[in-house]
Amino acid sequence: MSRLVIVLCALVSMTLAAPGIENEVIEIVKQRVAEPAPDGSYSFEYETANGIQVSEEAQVRAQGDELLKEVTGTFTYTSPDGTPIRVTYTADANGFHPEGSHLPVPPEIPVHIQRALEYIATHPQANVEN
C-alpha cells in the first residue's frame with residue numbers, strides 16, 4: 001500500500017511540475033486571400049494580434065512544355081528572447097531557400113578547394129575509375 005501512495009505522490013508531483021500547454025487563441029487582425037487563379041497562382045497575407053505577419057505569393061510560369069510554380073514569401077515574429085525575426089523565402093524546382101539575418105551562413109570555400117572542384121568539373125573522364 002505504501003508503494004502505491006509513493007507512486008501516486010510521484011505522479012501528482014510530476015504532473016504539477018510539468019509546464020502547462022497554452023491553449024491561448026490569438027486573434028487575426030488582418031487577412032487578405034486572393035482567389036486562386038486557374039493556373040495555380042495565388043497570394044495571401046495575414047497578421048495576428050501577437051505581431052506575427054505572413055505573406056506569400058505563387059506564380060506559375062512555362063518553361064518549355066512544363067509549368068513551374070515559384071513561391072515567394074515573408075514571415076516575421078518575435079522570438080521568446082525578444083529578438084525580431086524576419087525570414088524571406090523562395091520555393092521552386094530547386095527547393096526551399098530561406099534568408100534571414102538570424103540564420104547561420106556557411107564559411108566561404110577555401111580557394112584551393114574551389115580550384116579542385118573546378119578541375120573535377122572540367123575533367124570528368126579523369127575521375128572515372130576503371
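Modeller: Before we start, a term: two strands pair if DSSP finds at least two bridges between them. Helices (H or I, at least four residues) and strands (E, at least two) are DSSP runs, numbered from the N terminus.

Colleague: Fine. What kind of model is this, and what pLDDT do local features need?

Modeller: The model is predicted, and local features need pLDDT of at least 70, side-chain atom pairs count only at pLDDT 80 or more, while totals for chains, interfaces and linings use all residues. Residues are numbered from 1 along each chain as its sequence is written, and side-chain values use heavy atoms, with hydrogens and water left out.

Colleague: What is the mean pLDDT of the chain?

Modeller: The mean is 83, and 79% of the residues reach 70 or more. pLDDT is the predictor's confidence in each residue, from 0 to 100.

Colleague: Which elements have the lowest and the highest mean pLDDT?

Modeller: Helix 1 (residues 2-17) has the lowest, 52, and strand 2 has the highest, 95.

Colleague: How many helices and strands are there in the chain?

Modeller: Two helices and six strands. Starting at the N terminus, the order is α-β-β-β-β-β-β-α.

Colleague: Back to pairing, then. In what sense do strand 4 and strand 5 pair?

Modeller: Antiparallel, over eight bridges. T78 has P84 in strand 5 as its bridge partner.

Colleague: How many residues sit between the strands in that hairpin?

Modeller: Five residues lie between strand 4 and strand 5, and in this hairpin G82 takes a positive phi near 95 degrees.

Colleague: And how many bridges join strand 5 to strand 6?

Modeller: Five, and these two strands also run antiparallel, with strand 6 covering residues 95-99. Two residues separate strand 5 and strand 6 in their hairpin.

Colleague: New topic. How many salt bridges does the count come to?

Modeller: Two. A salt bridge here is a side-chain nitrogen of Lys or Arg within 4 Å of a carboxyl oxygen of Asp or Glu. As background, side chains of opposite charge can pair when their charged atoms come close.

Colleague: Which residue forms a salt bridge with K30?

Modeller: E45, with the closest N and O atoms 3.4 Å apart. K30 is in strand 1 (residues 28-34) and E45 is in strand 2 (residues 42-48), so this pair ties together parts that are 15 residues apart in sequence.

Colleague: Where does R32 come in, and what does its side chain meet?

Modeller: The side chain of R32 meets that of E45 in a salt bridge, at 3.6 Å from N to O. This pair links distant parts of the chain, with R32 in strand 1 and E45 in strand 2, 13 residues apart.

Colleague: What does K30 count as at 43% relative accessibility?

Modeller: K30 counts as partly exposed. Buried means under 20% relative accessible area, exposed over 50%, and partly exposed in between (1.4 Å probe, protein chains only). R32, at 38%, is partly exposed, and E45, at 23%, is partly exposed as well.

Colleague: Now the rings. How many aromatic pairs does a search of the whole structure find?

Modeller: Five. F75 and Y89 make a tilted pair, 6.2 Å centre to centre with 45 degrees between the planes. Rings of Phe, Tyr and Trp (its six-membered ring) pair if their centres lie within 6.5 Å; planes under 30 degrees apart count as stacked, over 60 as edge-to-face and the rest as tilted.

Colleague: Which strands do F75 and Y89 lie in?

Modeller: F75 lies in strand 4 (residues 66-78) and Y89 in strand 5 (residues 84-92), so the pair ties together parts 14 residues apart in sequence. Y89 also forms a tilted pair with F96, at 5.4 Å centre to centre and 40 degrees between the planes. F75, Y77, Y89 and F96 form one aromatic cluster.

Colleague: Is Y89 buried or exposed?

Modeller: Y89 is buried, at 10% relative accessibility, whereas F75 is partly exposed at 27%.

Colleague: Last one: what does T74 touch?

Modeller: T74 lies in strand 4 and is buried at 16% relative accessibility. Not counting residues up to four places away in sequence, T74 touches Q53, V54, S55, R86, V87, T88 and Y89. Contact means heavy atoms within 4.5 Å.
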